[in-house]
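The sequence and the model come first.

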Amino acid sequence: MAHKSETENAGAELAKAYDFSAVEKKWYEYWEQQKKFQATMDDNRPSFSIVIPPPNVTGVLHVGHALNNTLQDVLVRFRRMQGYNTLWLPGTDHAGIATQNVVERQLAVENISRHDIGRMKFIERVWQWKEESGGQIINQLKRLGCSCDWDRERFTMDTGLSRAVREVFARLFNEGLIYRGDYIINWCPRCHTALADLEVEHEPTDGKLYHIRYPFTTEDGYLVVATTRPETMLGDTAVAVHPSDERYNELPEKAVVLPLMNRTIPIVFDTHVEKEFGTGALKVTPAHDLNDFEIAGRHDLPALKVMDDSGIMNEEAGDYAGMDRFACRKRVVQDLEKLGLLEKIEDYQHGVGHCYRCHTVVEPSLSKQWFVSVKSMAEKAIEAVKEGQTKIYPKTWENTFYDWMYNIRDWCISRQIWWGHQIPAWTCDDCGEMIVSSIDPEECPKCRGSNLVQETDVLDTWFSSALWPFSTLGWPEETRELSFFYPTSVLITSFDILFFWVARMMMMGLHFMKETPFKDVYLHALVRDAEGQKMSKSKGNVMDPLLIMDKYGTDALRFTMTAFAAQGRDIRLSEDRIEGYRHFINKIWNAVRFALLHVRDSKPIAVEEIELEGLALEHQWVLSRTNRTICEVHRGLNEYRFNDAAHALYQFVWHEFCDWYLEWIKGDLYGDRREVITTGRAILFTVLEIIIKLLHPVIPFVTEEIWAALPGPRSSVMTEPFPEEISAWDNQAAEDNAALFMGVVTGLRNIRSESGIHPSAHVKATVICPDENKAEVLERNSKAILALTRVEELQILAEGARPKGAASYIFNEIEIFVPLVGLVDVEQELAKLEKELGKVSQQLDKVQGKLGNSRFLANAPSEVVTGEREKQETLSAKLMKIRESMERLKSLK
């Protein structure tokens with residue numbers, strides 16, 4: 001592959017059309033080969049670092065990844081151009097359950113299970129799969145243009161990170177912050193593993209509330225208990241009521257008979273019971289409900305497991321042993337009904353927990369698990385945010401962060417799967433001693449025996465991810481990278497893992513590094529479809545970013561993501577919007593092709609050499625607007641207001657530089673005054689270079705291609721200095737005068753367009769401008785006004801009457817008149833407008849008919865109703881404009 005050298009004179013002609021597919025491949029290969037993404041560690045420069053939220057090794061690029069990584073890359077390219085030591089550290093997560101499931105499905109095709117081949121062979125198979133297929137998402141991130149330092153790519157189970165995980169586990173255990181104990185955990189009967197609270201997705205479910213009679217042991221009568229899970233009653237060890245519930249002040253006795261099992265169980269009084277729920281009497285099943293487990297602890301009640309790890313009733317369930325939990329539920333209800341112990345069944349909607357991986361209904365279950373005691377670490381993380389050591393953007397998420405951290409529960413970190421970091425704990429078979437160590441022990445420190453058996457559980461995937469900001473930089477070694485790049489500058493991630501990941505990184509970072517892992521946290525919103533619906537395969541509204549990049553180019557997708565990344569607001573993504581920004585890139589391309597015709601033999605002017613005093617208005621104006629855009633882009637990126645930065649660029653490049661400046665200076669560029677031509681070309685070249693630099697962080701591919709085509713010796717644009725504020729260019733007077741000029745040009749263009757004046761018609765215009773200074777500005781720029789409006793003659797007067805038969809346009813206190821006699825066939829134009837009026841009126845009547853129909857409003861999807869209302873506004877505005885044009889023409893008769 002051939003590339004220009006970095007000292008060669010650039011300036012090759014740009015192709016007529018921008019071929020993004022060839023350009024993107026060419027430049028990404030060049031950047032990688034030239035090590036353009038490599039981090040530097042220069043003591044004389046400030047540092048900027050980001051660690052990538054590691055995508056699952058099983059992952060495929062989706063729109064969420066596209067948004068997240070685009071925003072990271074925008075910041076990284078921005079800071080790199082500012083001269084920072086810039087590190088964007090990439091990597092992938094081993095994704096315990098997800099990866100194990102992938103490989104288990106492969107084995108299933110071979111009609112074998114992981115148990116058939118054993119743990120060691122299975123882990124070998126997972127590593128084999130990882131090497132063959134696990135890098136897919138990395139290549140897709142490269143396709144997106146991500147400028148990560150790929151030489152530093154990490155994996156959460158590589159040798160260095162595995163060492164860090166073991167070191168952290170051992171230290172926390174020795175500090176008493178990791179312990180093993182019986183606890184109610186969220187258990188997935190399908191994945192056969194414990195789930196942290198955050199890994200349980202609660203879905204609204206239409207269920208039943210069963211009211212069951214628990215008979216007293218010696219007296220007639222019973223207590224009625226309400227439950228949504230009657231199969232768990234087989235493990236009840238008490239019934240609880242609130243001590244202040246007057247309904248139970250005078251119970252005949254303090255015990256009941258457990259239906260179907262015929263066990264006597266006590267009635268206990270506990271303040272946890274909600275008097276308002278059901279009958280106010282709560283069945284206590286300590287082995288299958290967290291709240292019941294805690295009640296049991298307060299009242300010294302036994303815990304009885306009646307279900308195994310696959311959701312099958314065990315021998316403790318008596319006659320129901322061997323039944324699936326849901327089949328057991330039906331059978332229990334039938335048997336209670338036969339015995340006359342089922343008082344009633346009510347419809348009841350409640351949140352049912354599902355496994356975030358396989359969506360199986362989660363079962364609360366009593367189990368021996370490993371936990372991290374996080375309360376003390378959470379307090380430090382709360383303090384860090386309150387003191388501003390870490391700032392959260394948008395700030396509205398801070399209260400959510402505090403609420404969760406104040407109510408945090410100990411973190412269950414053990415998982416009953418094979419793929420992951422095997423817990424570094426061993427039990428001595430000879431004496432029962434538990435050994436926790438960061439390295440494999442050779443013998444028991446207590447009895448010197450060598451029969452040591454390692455814990456079979458692995459650590460929660462989020463445990464290794466929580467160490468990501470410092471483990472990837474070499475911890476526990478005191479590396480140069482760690483001192484240079486920790487704490488990292490910013491974390492960009494989705495709001496939905498604020499607790500899964502962000503909070504845990506903060507706790508671990510503060511505990512082991514004594515500093516927060518990042519100075520800022522930017523939480524972006526969700527990417528939804530055009531109607532604001534969440535994307536899902538079942539709805540058929542998923543947009544594949546890889547297909548989008550194939551169709552419109554990477555830069556178009558990146559600019560779209562950046563332009564709509566407003567803080568706290570979900571992105572409504574549509575192909576129309578992406579296509580719109582594809583047009584923007586084409587606009588830039590064509591503007592540069594035009595500019596290259598004129599700047600081929602020119603060079604930019606050094607900022608300090610530009611003499612503003614003698615410049616024409618168009619140059620003073622464009623330099624002032626250029627500086628304002630530089631400031632707006634800086635402000636937007638520094639404050640994580642990506643949409644503001646993108647909007648400033650779009651507005652300036654399309655609507656000011658392309659639509660106005662390039663048109664305005666054509667007269668000079670094609671004129672015969674050498675000094676004017678030379679100045680115009682130099683200013684054009686100067687502004688063009690600044691524009692390409694400003695755009696590069698957002699749309700890197702097209703800007704690199706354009707930069708290489710500009711005249712003069714060229715290095716990569718990504719290593720060029722990012723434009724800084726040039727206060728000398730600020731010129732409010734020039735901007736005001738340019739606005740006056742543009743207002744008059746726009747007025748004359750509108751008259752031509754709305755009056756139906758033929759483009760080749762000879763037009764005379766009069767401008768009444770009572771302000772002497774403004775009139776002088778218009779006089780000085782009258783030649784450009786004539787050129788931009790195709791007007792033959794222009795009169796600028798301080799006062800005067802409206803010419804007979806003239807169309808008019810009012811701009812502030814300025815009146816513009818164009819006599820239409822002989823230019824327009826009034827009757828013909830009126831006939832055209834009359835026909836258009838009828839057509840638009842018919843369309844509006846149809847829309848208003850729909851919106852006036854109560855059945856339509858009640859039954860149509862909200863996005864359809866919104867669309868019709870928007871259509872009504874558009875048609876109404878169009879109708880008003882047609883009527884105004886008709887009135888104007890009638891006044892000419």
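The secondary structure of the protein comes to 29 helices and 31 strands; helices (H or I, at least four residues) and strands (E, at least two) are DSSP runs, numbered from the N terminus. This is a predicted model, in which local features need pLDDT of at least 70 and side-chain atom pairs count only at pLDDT 80 or more, while totals for chains, interfaces and linings use all residues. Residues are numbered from 1 along each chain as its sequence is written, and side-chain values use heavy atoms, with hydrogens and water left out.

**Overall picture**

The C-alpha trace spans about 110 × 70 × 55 Å along its principal axes. Of the 893 residues, 54% count as buried, that is, under 20% relative accessible area with a 1.4 Å probe, protein chains only. Contact means heavy atoms within 4.5 Å. Among contacts between residues at least 6 apart in sequence, 78% join residues at least 24 apart.

The protein has 103 positive and 132 negative side chains, and the centres of the two sets lie 4 Å apart. Lys and Arg count as positive and Asp and Glu as negative, without His and the chain ends; the place of a charge is NZ of Lys, CZ of Arg, CG of Asp or CD of Glu.

**Helix α6 and what follows**

Helix α6 covers residues 136–143, and I137, I138, Q140 and L141 are buried in it. Seen down the axis of α6, these buried residues fall within an arc of 160°, so they line one face of the helix; the arc is that of the directions from the helix axis to the C-beta atoms. Their cover includes α2 (63–81), β4 (91–92) and α16 (545–552). Just after α6, G145 takes a positive phi of about 95°.

**Cysteines and a buried loop residue**

A disulfide is a pair of cysteine sulfur atoms within 2.5 Å, and by this rule the count comes to zero. C148 is in no disulfide; its nearest cysteine sulfur, that of C146, is 5.2 Å away.

N314 lies in the loop between α8 (290–299) and α9 (325–338). Leaving aside neighbours within four places in sequence, N314 is in contact with K305, V306, M307, D308 and A321.

| Residue | Relative accessibility |
|---|---|
| C148 | 1% |
| C658 | 7% |
| N314 | 14% |

Conventions: Buried < 20%, exposed > 50% of the residue type's maximum accessible area, 1.4 Å probe, protein only.
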